[in-house]
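I opened my notebook to look up salt bridges. My plan was to go pair by pair and then check how exposed each partner is.

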Amino acid sequence: MDKGLSLRDVTIYKGKSPLIRVHHDVAPGEVLTIMGPSGVGKSTLLAFVTGTLAADFSATGAVWLDGQDITHAAAHQRRVGILFQDDLLFPHLSVGANLAFGLPPGGTRADRQARIDGALAEVGLDGFATRDPATLSGGQKARVALMRMLLSDPCALLLDEPFSRLDAALRAQVREMVFDRARSRALPVLMVTHDAEDAQAAGGAIITLGDDCGSRTTDASRSHQ
Amino acid sequence: MSRRRLLPLLPALTLLALLGPVAAGLWGTVLPAFGHLPAAGLTGPSLEPFRDLFGWAGLPRAVMLSVGTGVLATVISLSIVMLVTAGWSGTRPFCVLERLLSPLLAVPHAAAAFGLAFLIAPSGWLARLASPGLTGWDRPPDLLIVQDSWGLAMTAGLIVKEVPFLLLITLAALGQADAQRSVRVAQALGYGRVTGWLKTVFPRVYAQIRPPVYVVLAYAMSVVDVAVILGPNTPPSLSVQIVTLMSDPDLSMRLEAAAAALLQLALVVGALMVWRFGEVVVAALGRRWVASGGRGKADTAVAGLALAAGTVSALAVFLGLIVMAIWSFAGFWGFPDALPDTMTLANWARFGSGTLEALGETALIAVVVAMVALVLTIGCLEAEYRHNIRVSQRAVWLLYLPLLIPQTAFLPGLQTLMLNLGADIGRGPVMLAHLVFVLPYVFLSLADPFRAWDARMGVIAAALRASPDRILWRVRLPMLLRPILTALAVGLAVSVGQYLATLLIGGGRVATLTTEAVALASGADRRAIGVYGLMQTGAALVPFTLALLIPALVWRNRKGLRHG
């Protein structure tokens, strides 16, 4: 398979002991959810995929994206987007400048401004370009963070407990928006969460990790087992 | 060479800048100490220099002064800070004291010492305020208060400067010690505030502030500028004697100076070892004290005394600066008047051009040195972040090493070495010497905020296809603007305050505000000292003010960066 995100025999180690083992393909527009309590190394798996693994961890296996082995590529050349539970908007940049940071270089000023305005309009935030991100509500920040990520034109999307800071009403709304955008752009999505509702809403394969380093795959139709 | 290849080299370069001059200086001290000084036509080895040194009648007294003032100043300032923190941290008086003491950190040692002298001298402000009403004096009493032969004024001068330093270090350590909850538990078990804090929090805090405490001890034992201003003359402390010998036109006196420098090094190393042993003893006694279960009956009194001592220490510097400012504008000011008859700008007109020249030299050196230190520091921290380098506790001690080796032990050697090599002394070498002292402080100031930066910001930026350089310049450095400017201000203040490095390595030809001000100590022109001391203080304080104002202005519309 060419398109999509593929984790091939990926094992994450803390020191010498294996934490987590995953072997799975995520097709474009599909979501793979990894469930488990905190501390089993879910976020570490995402760090391996983004190329930002911390020093006390190591990993074996390979990550392929759209037919290319990106296991050893530099973090900024992988084209893997990620969203965390915190919006992590750059506090020193305006909302518009945050979006411009995501936008790849090139195009005229007017062009770029138009794309930023368009992105804001798409999530109902017209006219927010000059705002200080710290003055936005939680839901507004989440939307800006999503659009910033999408403007950078990623080939895959990683979600690290992305909705756990939002209250119940907002949660469903933001979740739906994220999954919609990912589907319409045909992005493979890899989500880690400890929330069963998020996992159900994602609608794809679910890998449940215990603390015994074993894993159990529900809906294993697409997994290589 | 591309930046990518340069970055991994920066930590090595930084270590070289830190330790190179120290090692070279020690080497340049050892050779003449054993009679080897080709520049003066002398070749060793011989023990003559040590024979000369031990033949000096003032030596026992000079050694006593160095050890006595150093240990006493360290013990007293550490006690004040520990007890004030124990008794008051988290309360309103503590916040007030903290706010009073923080800016004092930037005040150069020499300026604080002059201020203190202006305050406590027989003809000083305190005597004037109390006379003739309380004392009945209409002439300054014939008392040797400043430059007393016991070195008490000098000890006091060191204490008022080390208290703010140790307090800020302690505050930084408190955050990681989970102090408040421990004290709450101890209080619930019936312990007084001070006793509860000393029994539960002190061991953790002390373990963290140990390196800076050692720095204070090493510094206080070998200080030169404060000793020149407040210390006795006959004989002076060992460090001052070394400088006197070094500035003798007779080059062969440098041999004795080198021998004295090695003795100074041995004294500091010995004192540090004794201090280390003292820690073991205190720990053993402390364990017994904890086991005894005493709840602390004298806590209230102890806390009150400590707060009073801390306040007096802060006020001494503040009032000293104020009286220095008054002297700089004073016309005729007879004793015992509390204020001068007339205020005039004449002093500033007279010394203004001289101070401006010195200010230019001071600023040039300070800006270059602080910028270099900042670049090296950011380079090291960024290399650590990008290449996942772990910094061990031992590497942190390397950073403290130049601050633990007495300046008087390696700076004379560095000067002699340059003399032997025929290297030109002047501004460039002075900058390199300043860097040795500025770099550790800039690094220690920036390291924590730099490492505390949310690394997920970097992950997000990389996921947005930003290169490591772009992340550094566009995200990390702007977000860290405030701590970066603070570190820069710390570096500037340290450079402005350098006396011995400027004097010795500059060969007397590099005139900064600090060297000019200290040179005035032997005369008694209080107006000149007032002008130079005030300029010196300003040169150190203005950068701190800017470090507060600039981020507030630049990020005035960015709520997320307003605190922290």
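**Salt bridges, looked up one by one**

I started with a network in chain A: salt bridges link Arg171(A), Arg175(A), Asp195(A), Glu197(A) and Asp198(A). I noted that this is a predicted model. I then looked up the total, and over all chains the structure holds 22 salt bridges.

Next I turned to chain B. Which residue does Arg210(B) pair with? I found Glu279(B), with the closest N and O atoms 3.2 Å apart. Arg210(B) sits in helix H11 (residues 202–222) and Glu279(B) in helix H14 (residues 253–292), so this bridge ties together parts of chain B that are 69 residues apart in sequence. Are the partners buried or exposed? I read 25% relative accessible area for Arg210(B), which is partly exposed. Glu279(B) has 11% and counts as buried, because the cut-off for buried is under 20%.

My next entry is Arg386(B), which forms a salt bridge with Asp469(B). Here the closest N and O atoms are 3.0 Å apart. Arg386(B) belongs to helix H16 (residues 346–386) and Asp469(B) to helix H21 (residues 468–479), so the pair joins parts of chain B that lie 83 residues apart in sequence. Arg386(B) is partly exposed at 27%, and Asp469(B) is partly exposed at 25%.

My last entry is the pair Asp454(B) and Arg456(B), a salt bridge with its closest N and O atoms 3.0 Å apart. I found Asp454(B) partly exposed, at 29% relative accessible area. Arg456(B) is partly exposed too, at 24%.

Note on methods
Residues numbered from 1 in each chain as written. Chains lettered and ligands numbered in written order. Predicted model: local features only at pLDDT ≥ 70, side-chain atom pairs only at ≥ 80, totals over all residues. Heavy atoms only, no water. Salt bridge = Lys/Arg side-chain N within 4 Å of Asp/Glu carboxyl O. Helix = DSSP H or I, 4+ residues; strand = E, 2+ residues; numbered from the N terminus. Buried < 20%, exposed > 50% of the residue type's maximum accessible area, 1.4 Å probe, protein only.
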